[in-house]
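Open the viewer and keep the selection tool at hand. This tour tells you what to pick next and what you will find there.

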Amino acid sequence: MSAADWLGLIGHFLSLSLLAVGGAITTAPEMHRYLVGEQHWLSDAQFSSSIALAQAAPGPNVLFVALMGWNIGVNAAGGMQAGALAWALGLGAGMASMVSFLLPSVLLTFYAGRWGQRNREHIGLRAFKAGMAPVVVGLLAATGWVLASSLAGMLTNWHVWLLSSVVALLVWRTRIHMLWLLAVGGALGWSGWI
Amino acid sequence: MRPQSISDLFWSFSLLALQGFGGVLAVVQRELVERKQWLTREEFLEEWAVAQILPGPNVVNLGLMLGDRCFGTAGALAALAGLLAFPTLIVLLLAALFTGVADMPQVQGALRGMAAVAAGLITATGLKLVPALKKSPMGAGACALFGATAFAAIALLRVPLLSMLLLLGGSACAWAFLCLRRLPATHADPTQPATSRHKGDAP
């Protein structure tokens, strides 16, 4: 990767950071346009598997940004068979992507959070928090719905809906540990039921 | 309750992040509200609304604000590091290994199964936060209306998130503003402690 490539990669993620309202995933279409379409740094398959893997792995979903950087670095080295060079470029590009994607939004949140804490008795802020509360509850329920329906396709796969609903009910009404549920889901999927 | 130390903050967020398959949201609610009780349900909802509005990953925003409030800049950095350090290492290792097995139908099935569970987890998180709305100054009816509209807009109509937050969130905030302004003037209902909710740093 040339110096210009590095600058392009870092600049791209820096510029997307403050646009990621509602989570990192909302900027994925723009990443696809630039990284896959314009620069051809990533293949389509690598792009979608980066998102899928980050969702399946433990940790925040924003890790898909690190995975895209990793894939870009490995591609630049000529694939994993390049050995140490692939690891070095992959790790370097992964870290650079992650840091540049997070830095602007982290700084903004840090200072905005302090400002909000200083002014928390202000009626405008109290109205904001009280007003947003029911909207956030509705949004959370909707997020689960959207995830399940994207898996289930055109309502044909009722197994997905059944599993998601049973899990939602169990987590809502009992204190069962989430890791058990994830293990069961993984096993059901492995066996081909989902 | 509060985190005891900066390292408590770091390890708590690390453990939390490492349990977060399919996103950390559902785990955050369970760990911070139900197990550690660093936040009440009401506080969690308010903080989450702020974390949602600000750009960047919501969980990272929440960790930053919580860490900063407890231990200043060092606390914010500890929460950030906890959320990202181990998961980044793990996901990169997985990516290096994944190249060999990505095409196996069993692996793809397992990923799908875990994603279906994650979808249920997030919906349940929303359901579990419903009781927190009882203390809302807007009243139960308005809360139900705004919540149901938000769900329909995103889940069924697929309205873009930003428009939904601006239009629906904006109206909800305006309505809350009117309710809050009316409360101190009239004889406020003592069961709706709108003025005593924001006790801030009180333990």
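**Stop 1: chain B, helix H2**

Select B:Gln37, which follows H2(B) and has a positive phi, near 55 degrees. Helices here are DSSP runs (H or I, at least four residues; strands are E, at least two), numbered from the N terminus. The model is predicted: local features need pLDDT of at least 70, side-chain atom pairs count only at pLDDT 80 or more, and totals for chains, interfaces and linings use all residues. Residues are numbered from 1 along each chain as its sequence is written, while chains are lettered from A and ligands numbered from 1 in the order in which they are written.

Now step back to helix H2 itself, residues 25-35 of chain B. Is this helix mostly covered or mostly uncovered? Mostly covered: nine of its 11 residues are buried. A residue is buried if 20 or more other C-beta atoms lie within 10 Å of its own, exposed if 12 or fewer, and partly exposed in between, with C-beta atoms placed from the backbone. Among the buried residues of H2(B) are B:Gln29, B:Arg30 and B:Glu31. B:Leu25 and B:Val33 are buried too.

**Stop 2: all of chain B**

Show the whole chain. Chain B has seven helices and zero strands. Of its 203 residues, 50% are buried. Now look at contacts (two residues whose C-beta atoms, placed from the backbone, lie within 7 Å). Take those in chain B between residues at least 6 apart in sequence: 58% join residues at least 24 apart.

**Stop 3: where the chains meet**

Display both chains. Here 86 residues of chain A are in contact with 91 residues of chain B. Which helix gives the most to the chain A side? H6(A) does, with 25 residues. By class, this side of chain A has 57 nonpolar, 24 polar and five charged residues. Ala, Val, Leu, Ile, Met, Phe, Trp, Tyr, Cys and Pro count as nonpolar, Asp, Glu, Lys and Arg as charged, and the others, Gly among them, as polar.

Zoom in on A:Pro134, which lies in helix H6 of chain A. A:Pro134 is buried, because 32 other C-beta atoms lie within 10 Å. Across in chain B, A:Pro134 touches B:Leu133, B:Cys143, B:Phe146, B:Gly147 and B:Ala172, not counting residues up to four places away in sequence.

**Stop 4**

Select H3 (residues 44-56) and H4 (residues 63-77) of chain A. Their axes come within 8 Å and cross at roughly 140 degrees. That makes H3(A) oblique to H4(A). Angles under 35 degrees count as roughly parallel, over 145 as roughly antiparallel, 65 to 115 as roughly perpendicular and the rest as oblique. Axes are lines fitted to C-alpha atoms, for helices over the stretch in contact, and angles run from 0 to 180 degrees between N-to-C directions. H3(A) passes H4(A) in a right-handed crossing. The contact between H3(A) and H4(A) has eight nonpolar, three polar and no charged residues.

The axes of H4(A) and H5(A) come within 7 Å and cross at roughly 145 degrees. The contact of H4(A) with H5(A) divides into 15 nonpolar, six polar and no charged residues.

Technical notes. A crossing is left-handed if the near helix is turned anticlockwise from the far one by less than a right angle, and right-handed if clockwise.
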